[in-house]
Amino acid sequence: MALLDFTFFPGIDKQNTAVGAEQRWIDCDNVRFRYLLPEKVGGWSSLITDTIAGVARRQFAFVDLDGNRYVAIGTDKFLLLYFEGQLYDITPVKTALTGATIATASGSAICTITKSTHGLVAGDIVQFNSVTLPGGTGYSASDFEDKNFQVTSVTSSSVFTVTQSSNATGTVSTGGSIELIPYEPVGPAAQSYGYGWGTDTWGTGKWGEASSANDITLEPGLWSLSNFGQVLVATIANGKTFTWNAGDAARLSVRASTTTTDFVTTGNPTATRATLISPTTRHLIHFGTETTIGSTSTQDDMFIRFSEQEDINDYSIQATNTAGSQRLQDGTKIMGTLVAKENILIWTDNALYTMKFVGAPFTFGFEQVGTNCGLIGKNAAIEIDGVAYWMGSNGFFSFDGTVNTLPCSVEDFVYDDVDTTKGQQICAGINNLFTEVTWWYPTSGSDFNNRYVVYNYGVTNNPLPMGNWYTGTNTNSIRTTWIDSLVYPKPYATAYNSSGTGNFPSIIGETGLGRSVLFEHETGTDQVNPDGSVTTLTSFIQSYDFSLQTDQGAAEYFLAMRRFLPNFKILQGDATITISVADYPADQNTNTTLSPFTVNSTTTKVDTRARGRYAAIKIENTGAAESWRFGTFQADLQPDGRR
């Protein structure tokens with residue numbers, strides 16, 4: 001019988017059955033669609049040999065007036081700077097605490113630090129300076145001086161412990177003198193429900209009552225990062241705002257601060273959900289902030305406050321300036337914000353607003369443009385060319401002047417298993433080279449992101465009503481931050497391993513922080529790790545279950561496949577093709593006797609024996625240095641009886 005061509009539309013269809021998803025692919029991993037054809041995604045390579053302690057939650061790339069490029073990276077513990085192949089710690093710190101003392105126990109690495117009203121909690125990072133040790137500990141001052149420690153436990157408001165890298169050789173009850181420099185706390189690594197005494201709030205219960213686990217959400221440590229010219233503006237979610245000046249001659253040896261020369265933020269609110277710098281007008285805007293500046297108890301999650309134009313520290317509202325405030329109504333809290341050309345987009349947990357400069361006397365005008373379209377997490381929205389895409393608690397949306405629901409061919413696959421209680425961990429990224437928006441998200445039972453879903457906005461699939469979507473679960477492909485190729489020629493992203501240990505910044509007694517790796521994407525075919533080793537990047541795609549079309553209808557006859565012709569547009573190394581068959585739609589597909597088949601660029605045809613009412617093909621690579629883009633599938637099919 002003559003060869004038959006099988007044509008597949010781009011994208012994955014998981015809304016239909018394997019038989020019903022005609023002319024569609026139904027599953028994939030590490031695959032994208034380019035020129036309507038499926039191909040393995042590009043590889044990625046670690047930018048540095050260091051790994052980051054903790055989970056990265058935000059990246060922001062910017063350029064100073066001399067053309068130097070930087071990436072600010074906000075984690076659950078630190079604010080870091082990537083510059084010229086190196087990481088720098090610019091995390092803001094609290095006021096130094098002097099006069100602390102130390103106690104040790106022979107044979108133990110636990111050191112007990114006494115300092116009244118230290119204000120630390122377990123897991124905090126604190127730097128030791130001006131160290132004078134009592135005699136008999138077995139340690140030297142250099143074991144502590146200018147070193148970062150993670151607080152192991154807190155015994156009381158006056159006592160906490162740290163863990164040294166070696167045991168003390170003597171027991172000392174207390175003594176010496178240490179200056180403590182606590183790092184500004186950011187937040188937990190993972191989002192969770194809070195419960196217990198004192199977590200309830202007025203209006204929902206009585207203070208001092210234990211709240212149930214579904215009452216209070218403890219959000220993870222998050223950052224807002226933007227730039228005021230060459231000055232980095234960094235806000236800890238529900239915390240303070242700091243600046244770091246790239247124009248400072250000693251910039252790489254100073255930390256972000258509220259007292260940066262010429263860019264102080266001491267007059268800023270001290271509890272804010274998010275900040276950004278407005279386009280063209282250069283106002284610093286606080287979202288979900290205090291109604292009384294400096295009073296954290298007045299934080300209103302729906303309240304907006306903006307500074308005087310060109311002055312990021314002046315919030316006094318006067319007839320002679322452009323500072324002001326506004327409260328939104330639809331929703332319970334502001335979730336996230338983006339700049340989209342001349343508009344600022346503001347999402348609550350239920351609605352979308354636009355904020356636009358209108359001039360005196362109001363400075364900014366606010367308009368609600370959508371409802372029931374709230375944002376699931378602070379970093380779950382992305383913008384390209386004035387169009388925003390975001391993930392809500394109940395679907396995917398876009399805004400191009402009008403809020404649109406994005407029809408999604410993998411919607412049930414995503415929303416049946418996404419953990420919406422961890423929405424603040426979801427990360428959206430855009431890869432403009434391939435017109436892709438990706439969301440990395442955690443599923444039920446996972447503490448951190450473990451899946452991703454992609455919407456290809458450049459291929460709209462006009463013949464198909466559900467858009468061009470694809471998914472992935474490969475552990476090596478999961479990200480917590482992403483920035484597109486704008487300041488840098490290729491996308492940068494971070495991957496997190498909760499069981500790993502990062503080495504930057506160096507922290508003595510580090511435990512439970514995990515490790516993030518900074519990768520450059522779309523380079524090579526595999527994953528190059530910080531130590532130079534290579535992890536194979538595997539990929540696959542599987543088709544719908546197709547049947548033999550005859551005059552009597554589809555699947556009336558069993559089909560017999562004698563041979564097929566692999567047709568790859570690109571094939572580097574080997575690819576594996578598997579043919580599977582099923583007798584009925586409800587049956588589990590089984591691989592044919594001779595499958596799988598290994599093909600390469602010289603393979604012209606493959607002989608096989610396959611029999612069933614339905615057949616499917618799976619294309620994959622399992623080895624390193626392999627890449628492919630699949631074209632069409634041609635097979636020799638003929639009827640082979642009705643049973």
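These are my notebook entries on a predicted model of one protein chain.

**Entry 1: overall build**

I began with secondary structure. The protein chain has 54 strands and one helix. Next I looked up the extent of the C-alpha trace, which spans about 90 × 70 × 55 Å along its principal axes.

**Entry 2: burial, contacts and surface**

I looked up burial: 56% of the 643 residues count as buried. I turned to contacts between residues at least 6 apart in sequence, and 62% of these join residues at least 24 apart. The accessible surface of the protein chain comes to about 25,900 Å². Carbon and sulfur atoms hold 47% of that surface. For charges, I noted 40 positive and 62 negative. Their mean positions lie 5 Å apart.

**Entry 3: cysteines**

How many disulfides does the structure hold? I found zero. I then checked Cys-373. Its sulfur has its closest cysteine sulfur in Cys-408, and because the two are 17 Å apart, they are too far for a bond. Cys-408 is in no disulfide either; the nearest cysteine sulfur to it is that of Cys-28, 12 Å away. Is Cys-373 buried or exposed? Its relative accessibility is 1%, so Cys-373 counts as buried. Cys-408, at 6%, also counts as buried.

**Entry 4: Ala-635**

I located Ala-635 in strand β54, which covers residues 627–639. Ala-635 has a relative accessible area of 0%, so it is buried. I also looked up its C-alpha separation from Lys-605, 30 residues away along the chain, and noted 9.6 Å.

**Entry 5: cis peptide bonds**

Most peptide bonds are trans, so I recorded the exceptions I looked up. Pro-361 sits in the loop between β28 (351–359) and β29 (363–371). Another cis bond joins Ser-595 and Pro-596, with omega about 0 degrees. Pro-596 sits in the loop between β50 (590–591) and β51 (597–599).

**Entry 6: positive phi**

Most residues other than glycine have a negative phi. I looked up two aspartates with positive values. Asp-146 has phi near 60 degrees. Its place is the loop between β13 (125–132) and β14 (147–156). With a relative accessible area of 53%, Asp-146 is exposed. Asp-262 has phi near 75 degrees. I found Asp-262 in the loop between β21 (241–245) and β22 (274–277). At 69% relative accessibility, Asp-262 counts as exposed.

Note on methods. Residues are numbered from 1 along each chain as its sequence is written. This is a predicted model: local features need pLDDT of at least 70, side-chain atom pairs count only at pLDDT 80 or more; totals for chains, interfaces and linings use all residues. Side-chain values use heavy atoms; hydrogens and water are left out. Helices (H or I, at least four residues) and strands (E, at least two) are DSSP runs, numbered from the N terminus. Buried means under 20% relative accessible area, exposed over 50%, partly exposed in between (1.4 Å probe, protein chains only). Contact means heavy atoms within 4.5 Å. Accessible areas come from the Shrake-Rupley method with a 1.4 Å probe; for residues, only the protein chains shown count as cover. Lys and Arg count as positive and Asp and Glu as negative; His and the chain ends are not counted. The place of a charge is taken as NZ of Lys, CZ of Arg, CG of Asp or CD of Glu. A disulfide is a pair of cysteine sulfur atoms within 2.5 Å.
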